[in-house]
Amino acid sequence: MADMSYLDLLMAQQEEVSEAEGGGGGIWVVADVVNGAVAPVTLEALGAARTLAGALGAYVYGVVLGEGVADLSATLYQAGADGVRVVDHPALAQFALEPYLKVLSDLFEAEKPEVILFGATPAGQELAARLAQRIGGGLIEHVTSASLDESTRTVQGAFPIYGGEYFEVVACPEARPQFLTIEPGAFSAPFLDPYRKGEPKMLEVEPGEPAVHVVGPAGGFEPLTVPLAQAPVIVAAGRQAGDFELVKQLAARLGAQVAGDRGARDAGWIGAEQIVDVRGVTVAPQVYVAVGIRGDTFHNAAMEGARFIVAIHPDPAAPIFQVADLCLEAEPKDVLPALLEALE
Amino acid sequence: MDFTFSPEHVALRRMIREFAETEIAPIAAEFDREHKVPHDVLRKLGQIGLLGVCFPQEYGGMGAGEAGYCILMEELGRVCTSTATNVGAHIGIGAMAIHLDGSEEQKRKYLVPLARGEKMAAFGLTESNAGSDAANIRTRAVREGDSWILDGGKVYITNGGYAQIITVMAVTDPALGARGGVTAFIVETDWPGFKVAREEDKMGIRGTSTAELVFEELRVPHENVLGKVGEGFVTFMRSLDMGRLTLGAAGLGGAQAALEWSVRWAKTRKQFGAELALKQSVQWMIANLATEIEALRSMVYRVAWMVDNHQPFAQLAAMCKMYGSEVASRAIDVALQIHGGLGYTRDFPIERAFRDARIAEIFEGTNEIQRIVIATNIFRDYGVRIRA
Amino acid sequence: MPNIIVLIGRVLDPSGIVFNRRAGRLFVNREEYLLQPADRCALEAALRIKEAGRLKGGPDAQVVALPRTLLPDDDVLRQAVATGADRAIYLAGQVANVDDALMARALAVVVERLGGADLVLTGATTLDTGQGQLGPRLAEALGWPQIVDAWHVEAVDGRVRAVRKEKDGFVAVEADLPAVVTVLPGVLKPRYPDGARLINVYRGVKEMANALERWDVADLMEAQALKPLIERRGQEFPPERERGARVSGTPAQMAQTVAEALGQRVRR
């Protein structure tokens with residue numbers, strides 16, 4: 001017990017972060033706020049920013065806009081920001097382009113960042129492109145990895161081409177600031193250090209009027225039904241899938257379409273138009289999860305083109321394991337509940 | 001010699017290919033399975049002007065020439081022989097007769113709606129006694145005042161069950177026979193006396209209407225005589241020559257599809273630890289097939305050029321039809337062999353294409369007749385008459 | 001002054017390309033170009049707005065196609081005119097590594113020289129690079145409002161109304177004209193070109209004789225302004241696939257591994 005409290009004492013020495021005076025430069029991250037919290041992509045961007053800052057010898061700043069968002073600065077410090085600006089104003093409660101744009105362009109004209117990171121969210125993309133054109137920087141969108149060209153202090157960003165067949169690496173060698181939008185899930189979120197704290201600067205602003213007004217909900221529109229052959233994510237069941245309900249839940253969790261092999265059809269789980277088979281539908285999704293499918297030639301030939309294949313089957317000799325990227329020799333009924341939980 | 005397609009034909013092919021792959025290929029099996037004509041597809045083709053592809057723009061057509069028409073037939077033949085056959089009968093013989101020999105009024109009245117796809121055409125020549133022996137037709141047309149009364153019937157008329165305008169050959173003077181005794185008439189199928197007696201239940205091209213027609217005191221106004229009275233034989237020979245070439249183009253498309261399926265399957269299918277594509281026997285089948293296709297392609301488009309440049313082409317058109325139909329049959333046979341058991345099942349399009357391909361050696365002039373045409377022309381060039 | 005300007009680009013048909021991870025490069029077996037699918041939807045939206053007749057000029061409103069980047073030939077623009085655009089302007093010029101920042105400035109000058117417009121439409125994203133910045137950049141360069149990722153667009157009494165998909169449903173938004181709207185691919189079905197029009201555009205005859213114009217990009221801006229901001233630094237290929245990798249551990253551990261792999265690849 002005595003050790004624990006001594007440790008507590010040591011750990012409780014809080015790290016108070018303070019910015020260097022006479023700022024300018026630095027790597028700035030514009031935060032996305034989702035459901036009153038800092039979005040995961042913002043934390044990932046902060047992680048990327050910290051790595052770049054280390055190599056550049058620069059500071060990392062976060063800026064969060066919204067209404068009632070002052071407390072969110074704590075998360076940004078914990079994720080590694082050296083400084084945080086908070087713009088708390090009723091006109092910014094919901095994302096609107098012109099008010100956010102004005103606030104940020106005024107801020108960045110004053111602060112002159114070297115690099116500005118946004119999350120590659122719909123709002124982040126709109127803002128980044130418009131801001132880059134306004135204040136004169138180059139923009140790389142959907143960045144999945146970044147490296148530094150230290151001699152010119154230039155960030156080299158890689159982004160996916162044709163949906164990820166390969167990655168193009170580009171950089172903005174001269175114009176500043178350099179803008180990047182960070183692809184969600186591409187960078188790892190940093191460790192949130194609870195003892196890292198700081199005092200954000202609250203900014204007074206006059207946001208201006210939005211130019212686009214919401215009229216109301218629009219009726220008569222349905223999300224697109226993508227044919228199975230073009231579905232980007234597919235969860236397919238086979239005879240060994242066990243509980244088909246779990247398969248459906250997995251599909252729902254991943255936003256995937258449900259399919260199966262002929263065994264699933266015979267079991268009455270899927271319709272004839274959902275059979276993945278050279279005699280049925282040939283698919284080429286980004287992700288294919290085969291649950292309890294043994295994987296005969298006719299099935300495998302119809303999904304080999306999937307970019308990433310996960311297979312779960314109890315038989316180690318199942319042919320599906322010859323085509324899958326991740327092979328789980330296990331009973332689906334054992335793995336699926338844990339998988340559903342892990343995906344929470 | 002310039003072997004490139006002109007920019008408008010490249011653009012045309014690209015457009016038709018996209019149409020064929022988006023609007024036709026996904027549902028082609030349905031037409032065969034349900035034995036129904038793809039009216040929706042024909043309507044869409046008409047809306048963008050493709051049902052008048054080779055006719056002049058002043059008559060509602062596209063003005064893309066015979067080359068454009070061959071491109072259309074090739075791209076349609078590549079995805080659905082039934083659709084290609086419907087279109088070929090409409091443009092290549094039905095409307096073509098009016099384009100070749102129609103008066104200005106007839107073109108305005110009939111060719112324009114046909115070119116725009118507002119109405120569909122067919123060509124009524126064949127009878128139960130007169131297939132290859134076309135001159136043996138019996139349908140009679142008798143003058144009565146300012147009209148003609150037609151009596152008789154036709155068999156195996158493609159599009160016959162739904163076309164609104166049919167170019168019908170009838171005997172106007174039995175004594176003169178083919179030379180001077182046959183006349184072409186433009187018949188509107190909603191006139192009294194015109195009847196569709198039955199539809200044939202066929203081995204293949206089940207997405208087409210192949211009808212038996214009956215004419216009972218069918219009154220046709222004199223202004224609907226196509227060309228001159230007694231010169232119908234010339235009209236239909238010229239129409240058939242034009243249609244023949246494009247049948248070769250449709251065969252080219254079908255053979256191309258068979259090649260693509262074969263290559264794709266040979267890449268995918270593994271036996272004895274390796275893809276079929278690595279087996280020399282398969283490689284040779286595909287090499288032979290590809291060579292024949294290239295030869296056919298060169299021939300078809302060279303003859304299309306000759307047509308568009310007003311050079312004599314009848315003999316070469318016969319060669320295109322003959323060779324094209326036989327290459328298509330050989331191609332789908334190879335494709336079936338490469339696909340093995342799977343190709344024999346209805347899950348794959350191979351068996352449908354196999355059934356569809358066979359008719360090309362028979363209709364539009366059997367290949368035997370084509371060979372006679374070719375031989376006759378060759379010997380005539382050397383001064384020998386081999387035909388009575 | 002045109003009523004609607006549509007920005008159209010092209011992309012190499014991916015079915016003609018082989019991406020060889022081992023060699024670390026791509027092999028173009030069949031060099032064929034498609035129109036950017038999202039740009040085709042933008043053109044379709046423009047034609048429908050024209051046909052609805054609610055812009056100035058009614059059903060005679062003019063649709064003008066401009067290129068999204070500097071192209072080696074005008075085929076993309078011919079296709080746009082064949083599909084129904086009234087006019088197209090081909091921008092001739094050789095600039096290495098043209099980027100969206102440069103094109104936004106150049107296109108803003110073109111719009112100004114055309115006398116302005118009521119609406120600019122373009123695709124929200126490109127099939128190959130997945131970049132959507134051109135529309136917003138042009139909106140900024142013109143100083144116009146922007147609506148991005150539209151499912152549906154229409155003109156309503158001097159304003160543009162678009163439908164966007166938010167998290168919990170579809171929402172209608174409006175902005176005053178002139179405005180820039182970017183259109184998502186796959187929602188509107190683009191029409192096929194009219195056959196006769198296609199033939200005439202490519203032959204440059206009849207009413208299509210003057211539909212295509214050629215401007216020089218060097219006439220639009222000073223030479224030193226014709227500089228792109230972005231530089232290409234190479235390509236990275238994903239590692240070669242290792243199929244058959246076994247995941248070990250308890251079911252819970254296996255599930256964790258899979259969840260992480262899926263989390264990186266599936267956007268929810």
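Reader: How many residues of domain 1 of chain B are in contact with domain 2 of chain B?

Author: In this predicted model, 24 residues of domain 1 of chain B are in contact with 18 residues of domain 2 of chain B. Two residues are in contact if their C-beta atoms, placed from the backbone, lie within 7 Å. As for conventions, residues are numbered from 1 along each chain as its sequence is written, chains are lettered from A, and ligands are numbered from 1 in the order in which they are written. Because the model is predicted, local features need pLDDT of at least 70, side-chain atom pairs count only at pLDDT 80 or more, and totals for chains, interfaces and linings use all residues.

Reader: Which helices supply the side of domain 1 of chain B that touches domain 2 of chain B?

Author: Helix 2 (28-34), helix 5 (81-101) and helix 6 (104-115) of chain B each supply at least two residues of that side. The largest share, twelve residues, comes from helix 5 of chain B. Helices (H or I, at least four residues) and strands (E, at least two) are DSSP runs, numbered from the N terminus.

Reader: What is that side made of, by class?

Author: The side of domain 1 of chain B that touches domain 2 of chain B has ten nonpolar, ten polar and four charged residues. Here Ala, Val, Leu, Ile, Met, Phe, Trp, Tyr, Cys and Pro count as nonpolar, Asp, Glu, Lys and Arg as charged, and the others, Gly among them, as polar.

Reader: Where do the domains of chain B run?

Author: Domain 1 covers 7-119, domain 2 covers 122-229 and domain 3 covers 234-381 of chain B. Such bounds come from an automatic or database domain assignment. The C-alpha centres of domain 1 and domain 2 of chain B lie 23 Å apart.

Reader: Let us turn to helix pairs. At what angle do helix 1 and helix 4 of chain B cross?

Author: The axes of helix 1 (residues 7-24) and helix 4 (residues 65-79) of chain B cross at roughly 25° and come within 9 Å. Axes are lines fitted to C-alpha atoms, for helices over the stretch in contact, and angles run from 0 to 180 degrees between N-to-C directions. Helix 1 and helix 4 of chain B are therefore roughly parallel to each other. Angles under 35 degrees count as roughly parallel, over 145 as roughly antiparallel, 65 to 115 as roughly perpendicular and the rest as oblique.

Reader: Is the crossing of helix 1 and helix 4 of chain B left-handed or right-handed?

Author: Helix 1 of chain B passes helix 4 of chain B in a right-handed crossing. A crossing is left-handed if the near helix is turned anticlockwise from the far one by less than a right angle, and right-handed if clockwise. The residues of this contact of helix 1 with helix 4 of chain B divide into nine nonpolar, two polar and five charged.

Reader: And how do helix 9 and helix 10 of chain B cross?

Author: The axes of helix 9 (residues 280-308) and helix 10 (residues 314-344) of chain B come within 10 Å and cross at roughly 155°. That makes helix 9 of chain B roughly antiparallel to helix 10 of chain B. Helix 9 of chain B passes helix 10 of chain B in a left-handed crossing. By class, their contact has 18 nonpolar, one polar and two charged residues.

Reader: Changing topic, how many residues of chain C are in contact with chain A?

Author: 64 residues of chain C are in contact with 63 residues of chain A. On the chain C side, the largest share, twelve residues, comes from helix 6 of chain C. That side of chain C has 34 nonpolar, 14 polar and 16 charged residues.

Reader: How many helices and strands has chain A?

Author: Chain A has nine helices and 20 strands. It is divided into domain 1 (22-202) and domain 2 (228-342), and the C-alpha centres of domain 1 and domain 2 of chain A lie 38 Å apart. The C-alpha trace of chain A spans about 70 × 60 × 45 Å along its principal axes.

Reader: One last point: is C:A42 buried or exposed?

Author: C:A42 is buried, with 31 other C-beta atoms within 10 Å. A residue is buried if 20 or more other C-beta atoms lie within 10 Å of its own, exposed if 12 or fewer, and partly exposed in between, with C-beta atoms placed from the backbone. C:A42 lies in helix 1 (residues 37-52) of chain C.
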